[in-house]
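I opened this notebook to record what I looked up in one structure. The entries follow the order in which I worked.

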Amino acid sequence: MYDNTDSTENIDEIQETAPDTENTQTDTEPVPADSSASEEALDEDDAASEYNDLALKTEELENALSEANDKYVRLFAEYDNYRKRTSKEKTETYNNALSKCIENILPVVDSFERSVESECTDENFKNGMKMIFNQLKDILSKMNVTEVEALGKEFNPNVHNAISQQDGTDYASGYVCMVYQKGYKMGDKLIRPAMVAVAN
C-alpha cells in the first residue's frame, strides 16, 4: 500500500526551498509612463529660454546699431555743414581781399587814364602809356572787373554817387549827365561807386 506521508513531507520541503515568487520583484522603482513627455517639456522650456535670450541680445544689438547710425548721420551732417561753411568763408575772404586790392589799384588806373587822354608831343611816350594802360585793363577784365555804367543812365543810388545837379543839359531829369570818376564792380560786388552829376 502507498504511503502518503513521505510525499507530503517532500512537498513541504519543496515549498520551503522554492523561491517566493510574490517577493521576487526587484527593489528598483518603476519608471513612470510619462517620463519621455517630461523630458520633451524640459527641452521645449530650454529652447524657449534660449530663444528669448537670443531675441533680447538681437534687440540690444539692433538698438546699438541704430544709435551708432544716428550718431554717424548727425556727425556727417555736421561735417558737411562745416565743409560748406568753411568753403563759403574761404570764398568770401578771397573775394574781399581781391576787391580790396583792386580798390587800391583803381587810383593808379585813373591816373593812367588821365595821362593817356592828356596831350603829349612825344608819340612814342604816349603809345607806351597806352600799352601799359591796356595791360592794366586786361588784368582787371581777367578778374571780372567791369566799369559801372553811368553816363546817360538813370541815377541809381546803389552804384552812383551824385555830387552835383546840373540844369540845362541834354539829358532828362534824374539821369546821369556827367561822370567825375568811374565806378567799378567785380561780378555783382560793387568796389567803387561812380561819382556823377545828375540832370535836374
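I began with a rule: a salt bridge is a side-chain nitrogen of Lys or Arg within 4 Å of a carboxyl oxygen of Asp or Glu. I applied this to a predicted model, in which local features need pLDDT of at least 70, side-chain atom pairs count only at pLDDT 80 or more, and totals for chains, interfaces and linings use all residues. Residues are numbered from 1 along each chain as its sequence is written, and side-chain values use heavy atoms, with hydrogens and water left out.

**Entry 1. Salt bridges**

I looked up the network first: salt bridges link Asp-80, Arg-83 and Lys-84. The count of salt bridges by this rule is 7.

I then turned to Lys-182. Its salt bridge with Glu-113 has the closest N and O atoms 2.5 Å apart. Lys-182 is in the loop between β3 (176-181) and β4 (184-186), while Glu-113 is in helix α2, so I noted a pair that links distant parts of the chain, 69 residues apart. Here helices (H or I, at least four residues) and strands (E, at least two) are DSSP runs, numbered from the N terminus.

I recorded a second salt bridge for Lys-182, made with the side chain of Glu-147 at 3.2 Å, N to O. Because Lys-182 lies in the loop between β3 and β4 and Glu-147 in strand β1, this pair ties together parts 35 residues apart in sequence.

I also noted the salt bridge of Glu-149 with Lys-153, where the closest N and O atoms are 3.8 Å apart.

**Entry 2. Exposure of the partners**

I classed residues as buried under 20% relative accessible area, exposed over 50%, and partly exposed in between (1.4 Å probe, protein chains only). Is Glu-113 buried or exposed? Glu-113 counts as buried because its relative accessibility is 13%. Lys-182 has a relative accessible area of 26% and is therefore partly exposed. Glu-147, at 39%, is partly exposed. Glu-149 counts as exposed at 59% relative accessibility, whereas Lys-153 counts as partly exposed at 39%.

I listed the contacts of Glu-113, leaving out residues up to four places away in sequence: Phe-133, Lys-182 and Tyr-184. A contact means heavy atoms within 4.5 Å.

**Entry 3. Surface patches**

For patches I took residues with over 30% relative accessible area and no salt bridge, joining like charges within 9 Å and nonpolar side chains (Val, Leu, Ile, Met, Phe, Trp, Tyr) within 5 Å. Lys and Arg count as positive and Asp and Glu as negative, with His and the chain ends not counted. The place of a charge is NZ of Lys, CZ of Arg, CG of Asp or CD of Glu.

I found a surface patch of negative charge made of Asp-43, Glu-44, Asp-45, Asp-46, Glu-50 and Asp-53. Glu-44 belongs to helix α2 (residues 35-117) and counts as exposed at 56% relative accessibility.

Which residues form the nonpolar patch on the surface? They are Leu-151, Tyr-171, Tyr-175 and Val-179, with about 320 Å² of accessible area together. Accessible areas come from the Shrake-Rupley method with a 1.4 Å probe, and for residues only the protein chains shown count as cover. Leu-151 sits in the loop between β1 (145-147) and β2 (160-166) and is partly exposed at 49%.

**Entry 4. The whole chain**

I recorded 3 helices and 6 strands, in the sequence pattern α-α-α-β-β-β-β-β-β. Of the 200 residues in the chain, 16% are buried. The accessible surface of the chain is about 16100 Å², with 51% belonging to carbon and sulfur atoms.
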